[in-house]
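Here's a quick tour of the charged contacts and a few helices in this model. Have a look at the structure first, then read on.

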Amino acid sequence: MEERPQHCLSRLLDNSALKQQELPIHRLYFTARRVLFVFFATGIFCLCMGIILILSARSTQEIEINYTRICANCAKLQENASNFDKECTCSIPFYLSGKMMGNVYMYYKLYGFYQNLYLYIRSRSNRQLVGKDVKAVEDCAPFKMSDNKTPIVPCGAIANSMFNDTIILSHNINSSVQIKVPMLKSRLTWWTDKYVKFQNLSSKNLADEFRGKIHTVAQYTTTKPPNWPKPIYDLDKKDPRNNGFLNDDFIVWMRAAAFPTFKKLYGRLNRTHHFIEGLPAGNYSFNITYNFPVTRFHGEKSVVLSTLTWCGGNSLFLGLAYTVTGAMTWLASFAMMAIHIMLKNKKMSFFHQ
Amino acid sequence: MDCSLVRTLVHRYCAGEENWVDSRTIYVGHREPPPGAEAYIPQRYPDNRIVSSKYTFWNFIPKNLFEQFRRVANFYFLIIFLVQLIIDTPTSPVTSGLPLFFVITVTAIKQGYEDWLRHKADNAMNQCPVHFIQHGKLVRKQSRKLRVGDIVMVKEDETFPCDLIFLSSNRGDGTCHVTTASLDGESSHKTHYAVQDTKGFHTEEDIGRLHATIECEQPQPDLYKFVGRINVYSDLNDPVVRPLGSENLLLRGATLKNTEKIFGVAIYTGMETKMALNYQSKSQKRSAVEKSMNAFLIVYLCILISKALINTVLKYVWQSEPFRDEPWYNQKTESERQRNLFLKAFTDFLAFMVLFNYIIPVSMYVTVEMQKFLGSYFITWDEDMFDEETGEGPLVNTSDLNEELGQVEYIFTDKTGTLTENNMEFKECCIEGHVYVPHVICNGQVLPESSGIDMIDSSPSVNGREREELFFRALCLCHTVQVKDDDSVDGPRKSPDGGKSCVYISSSPDEVALVEGVQRLGFTYLRLKDNYMEILNRENHIERFELLEILSFDSVRRRMSVIVKSATGEIYLFCKGADSSIFPRVIEGKVDQIRARVERNAVEGLRTLCVAYKRLIQEEYEGICKLLQAAKVALQDREKKLAEAYEQIEKDLTLLGATAVEDRLQEKAADTIEALQKAGIKVWVLTGDKMETAAATCYACKLFRRNTQLLELTTKRIEEQSLHDVLFELSKTVLRHSGTLTRDNLSGLSADMQDYGLIIDGAALSLIMKPREDGSSGNYRELFLEICRSCSAVLCCRMAPLQKAQIVKLIKFSKEHPITLAIGDGANDVSMILEAHVGIGVIGKEGRQAARNSDYAIPKFKHLKKMLLVHGHFYYIRISELVQYFFYKNVCFIFPQFLYQFFCGFSQQTLYDTAYLTLYNISFTSLPILLYSLMEQHVGIDVLKRDPTLYRDVAKNALLRWRVFIYWTLLGLFDALVFFFGAYFVFENTTVTSNGQIFGNWTFGTLVFTVMVFTVTLKLALDTHYWTWINHFVIWGSLLFYVVFSLLWGGVIWPFLNYQRMYYVFIQMLSSGPAWLAIVLLVTVSLLPDVLKKVLCRQLWPTATERVQSPGYQSTCPSAAWYSSHSQQVTLTAWKEKVSTEPPPTLGGSRHHCSSIPSHSCPRSRVGMLV
C-alpha cells in the first residue's frame, strides 16, 4: 500500500504524449478540393516546363552521319588480317544547309558496342591510371601482361578497345579551297577525371617513363595494348598535357557508357577566325582514318555534330514527357472534378428528398 | 494393492534395460531399507541445479548460430552470402553479408544478454544455502548439491529448494502453510499436511533416525497431481504404508508461511521439479499477417527465381551468335573458354539470383521484429488500460500477435471473473423454503423474509429450527477456507462481534462469501485446530467438530463434502455443490420448493449452491474410510478410483437448502460487449455456470437483447427429441430467416432484423462433437456451425475447461478459419487461452495462472475494447502497410536492375553502386517506414473508440488480400518502369549537359536510384495520415541523409576501396539541368497514379474509415461524442452516489431490492419466456 503513491507518481512523471500516442500532429487526408488544387498546379507546371523544354530543344541543331557503310571498303580491307596495319582513309562530304550557331560539339557514336558488359567494365586498373604503379594489372584480365611478361599499359579490356579512328572536319569553301575546321581537344572530360583520377607517372619524359628507361632492369618495360597501333605515350605528341593517361580521348573512352548505343565527345569547335560564330552553312567533309572495327560485332559508327543549350542536346523526350504529364494531370483533374460535382449533386438531391 | 505391487515389479524387471521406470523409490536420508524389503534398481537422478539458460560460454557461438540459421529467412540470406563468396558475382559479398551480420549479431547479443541474465538467476538459485540433515546434524550446503533422498529443513519465509515430501513441521498438527504465488500466482495460503507417521519427528536427531522409503511416480508437470506412497520402517512393527498425495508435496518455488520450520525429503530435484517441468510448455502462435507475409515471400521467391531463369535463358539465346558471345573487345580468358557450358549456365543462374536477391530484404524481418517489439510498449504504457484500484497495467507476454488483435472475429469469454467482478456477496439462503437474507438480521436474530416465496409456515417449528442450525453448521464446516489470524493474539480471542476482524482465505471466492454470510447469520467459523473445526454458534458457545475426511471439490463432480464428528459423537457428511449435482443424490427434503427458489435465483443471475447432509453411523463411516483409503493408496488410476469412491459415498442425502451468492457485473462490461458486437465480432460466453445464471448475465451485459430470439440446444431438449431433429429444426428456423435477409448481416443491428441467440450446454456439445459410428461425424458439426454462424450471440454453459478449448478449436478450424480470441481469468480458462489465436488473461482474483499463460493480460474486461478496437486496429494498419510497402519498395529497387540486363547483354552488370545496394534497405528507406509503423493513426483514437464499426474495415485481413498485394506489386512495377525508362530516354542518344560532356553508366544508375529513393519515401509520406514531428524528422531526414551521403561518397576517393567509379558521379549529375528536371518529372509521374487511385476510390467507394476521415464528419461528431460520454459520466456518478449513500449492510435496509431489481428487471421478462 505504501508503494502505490510512488508508483503512481513515477507513472505521471514519465508519462508523455508519445507513450499515450497523443503527440501534437497535423493530419493529411486527400480531400477532393486539396487534391484538385494540387493536380491543377502540377498540370500547369508540367505544361509550362514541357513547352519551354520543347522550344529550347528545337533551337539546337544536330547532324549525324553514319559512315559504316560509306567506308565499307575500309572495313573490308581491315577484315583481311594481312592488311591489319594498313591505313585506310575515307572522306565523307556533306552539305550543311543552315549554319550551326554557338558552340559546336563533335561526337563519335557507336551502335551495338557493349561498353557495359560486366567483365569488360571491370577490366581496368585505377592504380595504374592514376600513375601510382605501372605494374598494377591484377584487375585487367584478360589484358594484363604481354607474351613476354611485361605489363600492358594501359591494361584491361576497356583501354584495349579504345576508339581510334581519326576524324577531321574540313570546310569546303569552294571546290578547291578546303579549310580544316579547328577542333579543341581540351575540356572533353570531367574535371575530376583529368586532374584526379588520371595521372601520368612524371611529366618530364613520358616515353622514357613507359618504356622503362629510367629503370635499368628489363622487367620494368611496358607493352602497348594489343589493339593499339601506337603506345600510350604517342597519343598526342604535340601536347604533353594531352598525352599519356591524360589524353582526353582516352579518358573519355574510359568512362564506360550505360547503353550499347552511345556517343562520346570527340572535339569542340575552336571558335576562331572563320568559325567565330559557329559553323557557317556550306559544304563540309569528314576525313576519317578508319581504324576501329565495328563490322565484326555487327555494329555501326557515325559522327555527330551538335549544338547545345542549357538543357543539353536536341532530345525532345523531356519536353514531350512534361507536356504529356501536364495534359494527363489536367485530364485527371477534370475527371475528378466531374465526379466530385456529380456526387455533390446526388447528395444534395438526397437531402432535398 | 498387491496387484499393483506385482505390476510394478513386472514393470521393473521387464523394463530392466531401459532407464525409464514409471515410478521411483527413494530412501529417505539415504538409509537402506531393512533386508526384508524389496530391492529396486537404483536410478540416476539429476542434481538440484536449475538450468534455465540455453547456452554455456563455450557453446554459445556455434549453438546460437545454429539456432539462428534454422530460421528459413536467415538461412536463405546465408546461402546468398555464400554464393556471393564462392562465385564471381557482380555484387560484393558485403552487400548481403553486412546486413546479415548485423541481424545475426544483434540477435545474438540480445539472446546472449538474456541468457546471461538467466545464468545469473540460475547461479543465485543454485548457490543459495540450504539446510539439510546428515547423520542427525544440521549441515549447510549449496542448493545445487542437494540430491534426491536428502532430508531438508526449510524455515519460515524460505522457498522450497526442490519438490519435497512433507515429513514434519514444528506445528503439533503436522501442517504448514504455503503460498504458491510464484508458481500459479495464487497468494492465498494453502495448507499442506505432513505424513501421518512422521509428523512426530520434530528435531534433527529424530528425523535423522527416520527409516523409510518413498515410492512415487516419475515427475510430471501437473502442479496439482501427485501420487506416491511411503513405507515407514520401525524396529518393532511391520512397515507402515501410507498414501501420499499432492497435499503432502511441497513444490519448489512455493514459500513457507506461518510455520517456523519443516522437514521434508527431496523427491524431485533440479530440472525434474514440477516448476521446472512447467517452464517450457507454450507453443508458438503465429499471426495471420505473418502467414500472409510468408505467402507473399513465396511469391517473391518465385518471381526471383523466374527472373533469374529468364535472364539466364535469354543470356544464352543472346550469346548464341558468336560475335556477341565473345566480341573482340571483350575477350575471355583461357580458363573461361574451357568451362563446361552447364556449369557456366548454373553459375550464371546463381549470379542472377544474387543480383536480384534484394527483392527479399533481410531488413524486412528486422523491421517487423522491431516494430512488434517496440510497438507492444504502447499497450503497456496505455494509461486508459491501467487499473488504479489494483495498481495493475496491461501485460504483454508476446509481441508477435499485436496485429492479430485487429483481426478478431470471435471472442470467447469466460463469465465469472471476466464479465463479472468475481467479488462474491452472500445474498440469501433458503432453508426448506424459508428465505433468509443476511441484511435483515439484527443481533443474530433472523427475520425470514416474506416477500420472495410462499412459505409453508411463517415461524419455523422446533424441527425447522434444528434444520436451520444444521444448515448453518453445514455451511460453516463444509469448505476449505483458512483463517488468517494474527500471530500475536492466540487462543479463542474472538468475541461474536469481533469476528469480523479475522480474514478468511480460500482459493474459491464463493466459499469465502458463504462463510462470511453465515457469520452474519450468527455462526462464525473460527479455525481448524488439531483436526478440529471450531465454530462459534449464536449463543457464543464454541462447538468443536472433528474433521474426519474432506472429499475435495472438482469440476467434474461439481461438489465437495466433509465428514465431521460432532462433540456428541455423531458423524455427519455435509455436501455442497451445484444443484444439478446435488438433486439427483437427494432422497429427502423439500426438493421442489428449494428447486423453485434456486431457479428463481439463477434467473436473477445469482450463483446458487445446494447443501445436503447425511448422518452416518460408525459402521458406515468405517466402510467409507476403507473405501477412501484404498483409493488413496492406489498408484495407478488414483483419480478414477477416488471419483468412484466419492460417487459411492455422496448419495442418499437429505437436502437442507440452497444458497445464493451474487457476482456483480464488471463495470462497462455491457458497453464493451455492445461495442465489440458492433465491430462485427461475435461474442460467445463459455462458462461452467448453470444455464439460467449464465443467461441472466448475458442479458445484463447486453449480449442478448430484448428482441433476441433464443434457441436452446440443451440436454433437456435433446432428451425430448433426438439430437438430429433438434439440430435440423433449429437450422431451419435460422436459415429460413437468413434466406429472406439480404447480405447486410454484417450491419445487422437494425431493429427490424431478427437476431438469434443460441444456448448450448456441455452435454449437448459433447454429443455434437462425438464422432458418429456410421462415419458421418462431420455432419452434426457442420450443422451446428451453420446455426452458430447465423446467431449473433452464443452462450455455452456447463462447460468443462477442456470443452472450452474444444469449442475454440471447432470454430478455429471451421471452414472460414476465423481468428479467435479467448479471454478468461481463471485456471479453467487456460486451455482455451492457449488454444485460441489470441489468448487474453484478466488479471483477476482467481490467481494469475490465466494471465501467465496468456499472450496479453489486462486488468479488466472493459479494457478489451481499447485493446481490440484501438490498439489492434492500429497495429494491423501499421504492419500491413509495413509489409506491403517493403515489398513495393524492393520491387522498385530490383526491377530496374532486371531491365538493365536487357541493355547490358545479360552480363549481370549492376545498375547501382555497391554502397547504394547495401544501404538502400538499411538506411535510406528504413527509418520512415519503421516510424510509420510505430506511429501511424489513420483516424484518431477517440474516433475509433466511438465508432466500433470501423473495425470491420480491416476484418478478414483486408489490407493483405491478394488484390491489395497485387496492386502494390503492380504499382512497384509501374514505378520501376517509370524510373528506368524515364532515365533511359533522358540519357539515350543525347547530351544532358550544357558543356557537351558525357555521362557513363554509374551516372545513369545514380539517377535511377535518386528518383527511386525520393519516390519511395514520398509515397510513404503520402500514405502517412498522422504527421508528428518525428515523422517529419525521419522522412525529410532520410532524404537529406541520402543526399549528404551521396555527396560524401562521391566527393572523396576512399582509400580502402580499390575502385573510384562513384567519384564525383552524384555531383556531376546534379550539375546537369536535365537531370534535375528528370528527377522532378519522374517522381511526379510515379506518384500521380497512386494519388489518383486513392482520390477516386475515396470518392466513389469510400470505406467507413475514409468517411470518418473526411473533415465534415469530424466537425460534427466530436460534440455528439462528448455529449454521450458526458451523459454516461453523469449517470455513473449518480449511480456511485446511490451506492455510497446507501446504508451499510449491517444496519439493515433492503439492499437486495435496490440493486438487483433495476439491473435485472428487463432480462427477467425475457428469461421468463425462456424458462
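Let's start with a network: D382(B), D384(B), K866(B) and K945(B) are tied together by salt bridges. A salt bridge here is a side-chain nitrogen of Lys or Arg within 4 Å of a carboxyl oxygen of Asp or Glu. Over all chains, a search of the whole structure turns up 49 salt bridges.

A word on the ground rules. This is a predicted model, where local features need pLDDT of at least 70 and side-chain atom pairs count only at pLDDT 80 or more, while totals for chains, interfaces and linings use all residues. Side-chain values use heavy atoms, leaving out hydrogens and water, residues are numbered from 1 along each chain as its sequence is written, and chains are lettered from A and ligands numbered from 1 in the order in which they are written.

| Pair | N to O distance |
|---|---|
| K194(A) and D248(A) | 2.4 Å |
| K812(B) and E835(B) | 3.2 Å |
| R473(B) and E469(B) | 3.6 Å |

K194(A) and D248(A) form a salt bridge. That pair links distant parts of the chain, from helix α7 (residues 191-197) to helix α9 (residues 248-254) of chain A, 54 residues apart. Helices are DSSP runs (H or I, at least four residues), numbered from the N terminus. K194(A) counts as buried because its relative accessibility is 13%, and D248(A) is buried at 0%. Buried means under 20% relative accessible area, exposed over 50%, and partly exposed in between (1.4 Å probe, protein chains only).

K812(B) also forms a salt bridge, with E835(B). This pair joins helix α25 to helix α26 (residues 830-835) of chain B across 23 residues. K812(B) is buried at 15%, and E835(B) is buried at 18%.

What about α25(B) itself? Its 12 residues (801-812) should span 16 Å at 1.5 Å a residue, and the end C-alpha atoms are 17 Å apart, which agrees. The expected span is 1.5 Å times one less than the number of residues. Among the buried residues of α25(B) are I807(B), V808(B), L810(B) and I811(B).

Finally, helix α3 (residues 72-86) of chain B holds N74(B), which is buried at 7% relative accessible area. N74(B) and V103(B) lie 29 residues apart in sequence, and their C-alpha atoms are 8.9 Å apart in space.

Note on methods:
Helices (H or I, at least four residues) and strands (E, at least two) are DSSP runs, numbered from the N terminus.
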